[in-house]
Amino acid sequence: MAEYNFREIEKRWQKSWADSTIFSAEEDPSKPKFYALDMFPYPSGAGLHVGHPLGYIASDIVSRYKRINGYNVLHPMGFDAFGLPAEQYAIQTGQHPAITTKENIQRYKEQLRNIGFSYDWSREVQTCDPAYYKWTQWIFMQLFNSYYDKDENKAIGINQLIQRLEKTGNKDVNAVCDENTPKISAKDWNAFSQPQKLDILNHYRLTYPAEAMVNWCPEMGTVLANDEVKDGFSERGGFPVERKLMKQWMMRITAYADRLLENLDSLDWSTSMKEMQGNWIGRSNGCELDFKVADQNLKLTAFTTRPDTIYGVTFVVLAPEHELVATLTTAEQKAEVEAYVQYATNRSERERMAEKNVSGVFTGSFVVNPFSGEKIPLWIADYVLAGYGTGVVMAVPSSDDRDFKFAKHFNLAIKCVIEGTENLENPTEIKKGIMINSDMLNGLESDQATLKAIDFAAKNNFGIPKINYRMRDAVFSRQRYWGEPVPVYYKEGIPYLIDEADLPLELPEIDEYKPTSEGEPPLARAQNWKYKGVYEYETTTMPGWAGSSWYFLRYMDANNEKLAVDPKKANYWGSVDLYIGGTEHATGHLLYSRFWNMFLYDIGVVNHEEPFKKLVNQGMIQGRSSIVYRDKKTNKFISAGLIDKYETVAMHVDVSMVKDDYLNLESFKNWRPDLAGAEFELEDGKYKCGYEVEKMSKRLYNVVNPDDIVESYGADTLRLYEMFLGPLEQSKPWDTNGIDGVFRFLKKVWNLFHDNDGNLNLSDEKPTPEEYKILHKTIKKTADDIDRLSFNTSVSGFMICVNELSALKCNKREILESLLIILSPFAPHISEELWQLSGKSDSILHATFPEFNDKYLVESSFEYPIMVNGKLRAKITFNIDESADNIKKEVLANPQIEKWLEGKDVKKFIVVPKRIINVVV
């Protein structure tokens, strides 16, 4: 039998692809383009496990498929190389994070190459490379020099705003700006000092310095993003995190809120992903209402989407971070309020929004309902967020679920204002209806009452119509070393951009990678690091999402030293046609990338508004942990089938010591010193492990290294098996027990091309109709499946095809060479090898995907099951167009049927075309 030497084959073809640069992409207007992209990885020290390549394999299959269908394919790869782990390692060891990152990237690239991906490595980007982050800094500078004009509905250069301020002030400027932007005349502007002018402009800039509430981790000395905090502790390291007001650079993503929301309808993304982004943006139409503070010359402004329920307001709630909390707290309540504020403000906003338990505290103050004049209590609660709306909520417990729970918990008044809610145990079950107990709004439908209430508030100067967003401007500063330096210096405390000619602003050398003893960011340690030798640089760095917010554009023109991307190349490649990655990036990377792409579209760098046409979120490959069971009383380990007889403790064991759920006893005893003397209670001479399906983690010893699979079975087996595990979008457990079947399938493919002596055995004979039928059925299925990204069913189809061809002992060149082409996106190495062995001098990548012809699937005959009195007695094949009379004559004359008729008369003879024949006697 011919030997399938996968190790030699795969190494040879990987080298051939690399040497020939066959995957290098060039702009070619004569071909349709296809841009396939994976979310690029952070290069961790652990390298890849088998879960990581899942999406990469899927995009590679599509890329190779598109290539052999005549597309000009761009399929690049790079690394999101700035990250906290490398910095933490630097703090612990003193090794520069660039060294760690370089070593990790090299490891990743080796692993990726071993799997046979068709990446264009000439376009590789690394976000930590100064040649790359020069342009990240350049984009920051364009944002700083732009503002969002609402009339133009786009970003415009800040110089145009300056010209308007010089001529008419800002009275007619319809732009996105801070709430507290002062109204100024041209005279005011022209009389301002330079620092005053710059301060006004910061109210408009798309990136700007501001005080912001952040997640501060003192132990790590840095600000953390919301998704880096869990239950009040850093996700990495488990250090305490506190909420703190700090000076930060901000990105005015809210300027693009409407466009980010409206464009979702045009994207080929999952409904759930669109909903996540839509909910995160959280557009709300409503109004702001002013509540005067009783006995004080103060007012609180609340945003509400339901002004129709104003007469149901029985208390008002402040966010714990609200600036007036201390002022509005009475002496009697001071201690209780301060304790609660400290508790609440140290929790992340996500935690607070997800909290099920009710908590809050009374301030001791009261406010006045502007409609009814009624005095109502003022409370503080952590379900109110300072950043959403105004940080003040008018509580209507008869209409809002959280307000209702709060009122019930603290025994506060509940006043029903919608007809039909008066006798309900929970009146919030009815959200809209006819208004009652609402004075001027009585008898109106909710929507009518809303309009009337807003109009009344505006006419009486205690309210205005308002559109609000849950999404807030993004914090853009990190108190870390390992990130892009912000291209800003300070003169007399005012931030200025460095000259573009001075880009990139590179990270300086420092003695330690942790904050200074005064709590300044690590960059403050740099000696003699000043702009022009005089001015202090900004010492925070950019967040991890900065470099990943535009890398998909740099791939289009990765080696351009003069531009971030040549507009002509950006226009050719356009939006990413297929983007594959995890759902965890829904409200981070995917939102920021859309924001930056829209901005670059506004300023003419690209001609497409959205970066990713089609987004697919691959599921997670979970670990299949192996479990052993130790007897509590001894050092004996009990096989899984016998544990009912003992009292045992479960223990995770490294999956590398387990095959088909059976433990390698010697490897286990050598694993740890305390196991050297272990004893075992076996089943049939073997130790059988239990198992759990869990997240792949080194802590659970269930991480499977793809290198081990490639070494044992080959890259083609790994690629096919990962696809075979189940639908791309679903999570599924890794189970090495099933991989042998895929490996055997590839050996069957190999054997189709060889005789029993190992010689190539291809015939130029014309294929039979049955062989054509098997091939074209597979062509159609594969094309349909790839278009639907249903790769698991493609692999099943290949197995059926090869089994059927093997049964026919098919060795027809026309059939088998076409089979190689359609298999090649999935198993490229074996396909290339057999393609070459069949006499082809060119790569299979230059072949054309076979054209499906439905004539080969048209049936000319059908094998009918013959039933006599309901029992199957024979099977007879007839031409599809055979007449009923001829079928009847042949069936009744058939010797097998005659003996069951026993000479009796036929009462009924029923032919169901292409289904069955029934004979009743």
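1. Let's start with a cluster of charges: Asp 511, Glu 512, Lys 514 and Arg 525 are linked in a network of salt bridges. Keep in mind that what you're looking at is a predicted model. Across the whole of it, the salt bridge count comes to 49.

2. Now pick out one of these pairs. Asp 149 forms a salt bridge with Arg 164, and their closest N and O atoms are 3.4 Å apart. Asp 149 sits in strand S3 and Arg 164 in helix H6 (residues 158–168), so the bridge ties together parts 15 residues apart in sequence. Are the two partners buried or exposed? Asp 149 has a relative accessible area of 3%, so it is buried, while Arg 164, at 27%, counts as partly exposed.

3. Stay with strand S3 (residues 146–149) for a moment. In a regular strand, side chains alternate between the two faces of the sheet. Here both faces are covered: Ser 146 and Tyr 148 are buried on one side, and Tyr 147 and Asp 149 are buried on the other. S3 pairs with strand S4 (residues 154–157) in the antiparallel sense over four bridges, and Tyr 148 stands opposite Ala 155. Four residues lie between the strands of this hairpin, where Asn 153 takes a positive phi near 55°.

4. Next, have a look at the open sheet of four strands, whose order is S6-S5-S9-S17 with antiparallel pairing. S6 and S17 are at the edges with a single partner strand each, so one side of each has no neighbour in the sheet. S5 (residues 207–217) and S9 (residues 242–251) pair over ten bridges, with Trp 216 opposite Glu 242. Helix H5 (residues 130–144) lies across S5 and S9, at about 85° to S9.

5. Lys 466 pairs with Glu 179, closest N and O atoms 2.8 Å apart. This one links distant parts of the chain, 287 residues apart. Glu 179 is exposed, with a relative accessible area of 67%. Arg 624 and Asp 661 also meet, at 2.6 Å from N to O. Arg 624 counts as buried at 16% relative accessibility, and Asp 661 does too at 11%.

6. Finally, the helices. H1 (residues 6–20) and H21 (residues 706–713) pack at an angle of about 120°, their axes 8 Å apart. Phe 6, Arg 7 and Glu 10 of H1 meet Val 710, Glu 711, Ser 712 and Tyr 713 of H21. That contact has three nonpolar, one polar and three charged residues.

Note on methods: Residues numbered from 1 in each chain as written. Predicted model: local features only at pLDDT ≥ 70, side-chain atom pairs only at ≥ 80, totals over all residues. Heavy atoms only, no water. Pairing = 2+ DSSP bridges. Helix = DSSP H or I, 4+ residues; strand = E, 2+ residues; numbered from the N terminus. Contact = heavy atoms within 4.5 Å. Axes fitted to C-alpha atoms, helices over the stretch in contact; angles between N-to-C directions. Buried < 20%, exposed > 50% of the residue type's maximum accessible area, 1.4 Å probe, protein only. Nonpolar A, V, L, I, M, F, W, Y, C, P; charged D, E, K, R; others polar. Salt bridge = Lys/Arg side-chain N within 4 Å of Asp/Glu carboxyl O.
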